[in-house]
Amino acid sequence: MEQVSTFDLYEGSYYLLGGCELEAIEGVKVNGALTCRMSFTGENLAQLQLSYLNGQASANLFEFRRTYSHLSSQIGRAHV
């Protein structure tokens, strides 16, 4: 099982749409500010990451918006 961590909410939403699972949300200090790092696992995570980072990611906009909102809510509820 592959694992990736990111601070990027758009990237995380793309991983969820690709069938990956959110394993953890943790608070991390970056330049004196608290930000959230999300960790994901999945079978096709490396390919999804490559597509995202190369600007070749595509998704149904309605589903992406829904997933983004759900992930944002989870981060808001996380005790980091």
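**Aromatic pairs and salt bridges in a predicted model**

Four aromatic pairs are present in the structure, which is a predicted model. A search of the whole structure also finds two salt bridges.

**Aromatic pairs**
- Tyrosine 15 and phenylalanine 40 form an edge-to-face aromatic pair, with 5.6 Å centre to centre and 70° between the planes.
- Because tyrosine 15 lies in helix α1 (residues 9-17) and phenylalanine 40 in strand β3 (residues 33-42), the pair ties together parts that are 25 residues apart in sequence.
- Tyrosine 15 and phenylalanine 40 are both buried.
- One aromatic cluster is formed by Tyr10, Phe64 and Tyr68.

**Salt bridges**
- The side chains of arginine 37 and glutamate 26 meet in a salt bridge at 3.1 Å, N to O; since arginine 37 belongs to strand β3 and glutamate 26 to strand β2 (residues 21-30), this pair ties together parts that are eleven residues apart in sequence.
- Arginine 37 is partly exposed, with a relative accessible area of 26%, and glutamate 26, at 33% relative accessibility, also counts as partly exposed.
- Arginine 66 and glutamate 63 meet through their side chains in a salt bridge at 3.9 Å, N to O; these residues are three apart in helix α3 (residues 61-77), and are therefore separated by about one helical turn.
- Glutamate 63 has 34% relative accessibility and counts as partly exposed.

**Serine 51**
- Leaving aside residues up to four places away in sequence, serine 51 touches Tyr14, Gln56 and Ala57.

Methods. Residues are numbered from 1 along each chain as its sequence is written. This is a predicted model: local features need pLDDT of at least 70, side-chain atom pairs count only at pLDDT 80 or more; totals for chains, interfaces and linings use all residues. Side-chain values use heavy atoms; hydrogens and water are left out. Rings of Phe, Tyr and Trp (its six-membered ring) pair if their centres lie within 6.5 Å; planes under 30 degrees apart count as stacked, over 60 as edge-to-face and the rest as tilted. Helices (H or I, at least four residues) and strands (E, at least two) are DSSP runs, numbered from the N terminus. Buried means under 20% relative accessible area, exposed over 50%, partly exposed in between (1.4 Å probe, protein chains only). Contact means heavy atoms within 4.5 Å. A salt bridge is a side-chain nitrogen of Lys or Arg within 4 Å of a carboxyl oxygen of Asp or Glu.
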